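Please open the structure in your viewer and keep the sequence beside it, so that each selection below can be followed step by step.

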Amino acid sequence: LQDLSGIDPKTIPVDDPQVMGIFASPEPLGVTAEQIGCNTGTLGVPEMGTKFVRQMLESTKPSTFSELVQISGLSHGTDVWLGNAADLIANGTCVLSDVIGCRDDIMVYLIYQGLEPSFAFKIMESVRKGKGLSDDMEEEMRKNNVPEWYIDSCKKIKYMFPKAHAAAYILMAVRIAWFKVHHPILYYAAYFTVRADDFDLIAMTQGSAMIRKRIEEIAVKGLEASPKEKNLMTVLEIALEMCERGMSFQKVDLYRSQASEFIIEGNTLIPPFDAIPGLGTNVAKQIVEARKNGEFLSKEDLQQRGRVSKTLIEYMDE
């Protein structure tokens with residue numbers, strides 16, 4: 001960890017072939033789609049880990065930074081991907097780099113086609129606000145050989161993302177993905193500490209088979225799964241990926257666990273006290289404080305000095 005503390009995020013390359021590879025396949029992570037139940041390696045990567053965006057990645061197989069910016073624009077717009085760009089790519093009308101992804105694309109493309117810059121800007125503003133195209137806009141576009149599919153695409157759009165915003169998101173995503181590929185244990189420690197709220201430590205500490213079983217139990221519920229279970233599902237998917245990559249979770253340790261941070265020991269993570277369901281951060285801090293005054297002599301001693309309820313003690317037993 002100290003070796004990496006001096007890394008300036010701005011020096012992380014944004015064209016690393018292995019990092020770019022995870023947007024099309026999980027193989028750069030050293031696992032197969034069957035092992036982790038996901039066709040990309042982007043679980044837990046900001047902007048790129050949701051089911052919706054993963055389906056977009058599977059459909060388009062982006063391989064460059066600019067294509068990832070397109071994906072970001074397409075996923076944040078309204079009526080830009082579904083029923084629009086997705087169909088154009090699927091039926092072979094055009095490829096990912098040709099579709100309208102961000103609002104700026106419209107103005108730049110129309111200027112290249114020969115439209116007067118201020119008019120190209122006016123068209124972009126109309127489209128990105130969901131106002132479509134006026135008759136004179138369409139006429140000018142056809143006069144400059146803008147294809148019909150492009151005009152139709154503009155007319156469907158309700159809202160468009162700015163390119164600078166999309167680029168900022170992708171810079172963040174690629175830099176985090178670099179850690180996921182090249183320094184995985186650091187990535188998972190940070191992910192579970194910062195992003196995850198719900199845990200099933202009993203399953204997670206028992207490895208892949210048990211984690212997979214819990215994922216299946218939640219998946220079977222479908223739409224009836226509670227919001228808490230859906231959040232847990234995301235955490236379990238990333239825990240499964242971590243274990244399939246050869247890492248593992250230890251049990252919560254009375255004397256080594258921190259209050260809120262997952263800590264790294266070799267190729268394993270020691271969970272914090274507040275990863276125990278129902279054990280809040282205040283109680284977690286109290287346990288850490290209480291152990292400074294010597295070992296816990298019994299469960300009762302832990303209950304009293306750590307202010308831990310009987311229910312939580314039973315969970316720790318399990």
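Begin by selecting I176, F179, K180, V181 and H182 in α10, which meet P184, Y187 and Y188 in α11, where contact means heavy atoms within 4.5 Å. By class, this contact of α10 with α11 has six nonpolar residues, one polar and one charged. This is a predicted model, in which local features need pLDDT of at least 70 and side-chain atom pairs count only at pLDDT 80 or more, while totals for chains, interfaces and linings use all residues. Residues are numbered from 1 along each chain as its sequence is written, and side-chain values use heavy atoms, with hydrogens and water left out.

Now show the whole of α10 (residues 163-182) and α11 (residues 184-194), which pack at an angle of about 125° with their axes 5 Å apart. The two helices, α10 and α11, are therefore oblique to each other.

Next, select F192, which is among the residues with the most contacts inside the largest nonpolar core, together with I123 and M141. That core has 97 residues, and helix α14 (residues 227-244) gives the most to it, with nine residues. Leaving aside residues up to four places away in sequence, F192 touches F199, M204, V235, I238, A239, M242, F249, F262 and L269.

Finally, move to S126 in helix α7 (residues 117-128). Is S126 buried or exposed? S126 counts as buried because its relative accessibility is 13%, buried meaning under 20% relative accessible area with a 1.4 Å probe, protein chains only. The side chain of S126 reaches the backbone oxygen of G132 at 2.6 Å, and, not counting residues up to four places away in sequence, S126 touches K131, G132 and M137.

Technical notes:
Axes fitted to C-alpha atoms, helices over the stretch in contact; angles between N-to-C directions. Helix = DSSP H or I, 4+ residues; strand = E, 2+ residues; numbered from the N terminus. Parallel < 35°, antiparallel > 145°, perpendicular 65-115°, else oblique. Nonpolar A, V, L, I, M, F, W, Y, C, P; charged D, E, K, R; others polar. Buried < 20%, exposed > 50% of the residue type's maximum accessible area, 1.4 Å probe, protein only. Polar contact = N/O pair within 3.5 Å; in protein donor to acceptor, adjacent residues only side chain to side chain. Core = buried A, V, L, I, M, F, W, Y, C linked by side-chain atoms within 4.5 Å.
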